[in-house]
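Some notes for your review follow. Please read them beside the model.

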Amino acid sequence: MNILLLGKNGQVGWELQRSLAVLGQVTALDFDSSDYCGDFSNPEGVRDTVRALRPDVIVNAAAHTAVDKAESEPELARLLNATTPGVLAEEAGRLGAWLVHYSTDYVFDGSSSNPWRETDAPAPLSVYGATKLEGERAIQQSGCRHLILRTSWVYGARGGNFAKTMLRLAQERERLTVIDDQWGVPTGADLLADITAHVIRHLQQHPQDGGLYHCAASGETTWHAYAEYVLAYARQTQPALHLKATEIAPVPTSAFPTPAQRPHNSRLDTTKLQTAFGLVLPPWQQGVARMLTEIL
Ligand code: NDP
């Protein structure tokens with residue numbers, strides 16, 4: 001199997017380099033790759049790449065993920081999150097290749113009190129969410145064979161993440177304030193990458209199972225409870241770390257005004273994914289504990 005991986009150095013892209021390796025020949029590109037164009041601000045360059053490589057599977061982990069920045073650069077966000085994924089879909093359709101793509105809980109407005117299902121109506125609150133939704137629709141409307149995994153609160157051991165920020169702040173300050181009215185599920189980039197590889201294999205035998213799926217670790221939390229978990233784990237496993245913070249104060253979203261609005265309820269119902277692919281999604285704490293063990 002020939003696989004084209006785009007966005008290879010992002011959180012998910014980095015883990016995909018590992019998980020896809022067992023499936024076949026992987027050509028992995030980033031926006032500044034020199035052999036082939038992997039720059040999503042150049043859709044025609046990316047089109048040429050697909051035409052030259054003729055992959056069996058395209059896995060797209062590239063995106064404009066800076067949620068607040070996207071509010072002031074909507075054209076770039078649209079290019080990266082919708083236009084170029086649409087070009088990938090056109091070319092995948094031409095080749096009969098699979099396109100695997102990631103989308104987000106931010107396609108929803110967060111107003112429901114239940115975990116969101118694939119059949120629920122999206123209503124994005126931000127440019128990021130809106131452009132990601134446009135990307136999904138471009139792929140679906142192209143008619144190519146595709147798999148779209150909507151996920152949430154992604155973290156990886158590599159690069160910056162929420163847990164690392166909390167650990168740093170807890171070493172600097174005695175009191176932290178963390179939002180407690182946004183609900184979601186932290187999901188490891190490694191988990192997403194492993195599921196992607198599993199599902200690509202499954203789709204070779206069961207192509208009728210392509211489509212849109214919600215994919216996140218199990219359970220639910222708030223940013224506040226997530227921070228508490230991170231600091232408690234660090235205290236228990238690394239007492240020498242000297243965390244100064246004695247209080248993590250819960251605050252509403254309004255305490256941290258940001259350019260982009262975020263949904264209060266980001267929880268995704270993953271029943272469809274677990275049933276279709278015979279998967280068990282582990283509790284979010286399992287992946288976070290593993291990541292903390294790696295970084296502490
Ligand atoms: P990252 O931001 O870690 O990765 C995105 C990658 O795209 C980065 O390597 C980034 O490079 C790259 N990129 C930026 N501009 C371009 C460009 N012009 N051309 C090509 N690549 C470019 O995101 P994640 O790995 O976390 O996200 C993977 C997928 O999951 C995305 O589709 C995202 O929308 C989705 N998702 C992510 C969530 C999250 O919490 N992170 C939540 C829900 C969904 P650089 O870093 O150098 O800018």
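1. His242 is exposed, because its relative accessible area is 63% and the cut-off for exposed is over 50%. His242 sits in the loop that links α7 (223–237) to β12 (247–251). Its phi is near 55°, a positive value in a residue other than glycine. Keep in mind that this is a predicted model.

2. Trp153 also has a positive phi, near 45°, and is not glycine. The residue lies in the loop between β5 and β6 (154–155). Trp153 counts as buried, because its relative accessibility is 9% and buried means under 20%.

3. His146 belongs to strand β5 (residues 145–151). With 13% relative accessibility, His146 counts as buried. A polar atom of its side chain lies 2.9 Å from the backbone oxygen of Cys144. Beyond its neighbours within four places in sequence, His146 contacts Trp98, Leu99, Ile139, Gln140, Gly210 and Gly211.

4. Ile139 links that point to the helices: it is in contact with His146, and it is one of the α4 residues that meet α3. Helix α3 (residues 74–95) packs on helix α4 (residues 127–142) at an angle of about 15°, and the axes are 8 Å apart. The two are therefore roughly parallel to each other, as angles under 35 degrees count as such. The crossing of α3 past α4 is right-handed.

5. Which residues of α3 and α4 meet? On the α3 side they are Pro74, Ala77, Arg78, Asn81, Ala82, Pro85, Gly86, Ala89 and Glu90. On the α4 side they are Val127, Tyr128, Thr131, Lys132, Glu134, Gly135, Ala138, Ile139 and Ser142. By class, this contact has 9 nonpolar, 5 polar and 4 charged residues.

Note on methods:
Residues numbered from 1 in each chain as written. Predicted model: local features only at pLDDT ≥ 70, side-chain atom pairs only at ≥ 80, totals over all residues. Heavy atoms only, no water. Axes fitted to C-alpha atoms, helices over the stretch in contact; angles between N-to-C directions. Helix = DSSP H or I, 4+ residues; strand = E, 2+ residues; numbered from the N terminus. Parallel < 35°, antiparallel > 145°, perpendicular 65-115°, else oblique. Left-handed = near helix turned anticlockwise from the far one by under 90°. Contact = heavy atoms within 4.5 Å. Nonpolar A, V, L, I, M, F, W, Y, C, P; charged D, E, K, R; others polar. Buried < 20%, exposed > 50% of the residue type's maximum accessible area, 1.4 Å probe, protein only. Polar contact = N/O pair within 3.5 Å; in protein donor to acceptor, adjacent residues only side chain to side chain.
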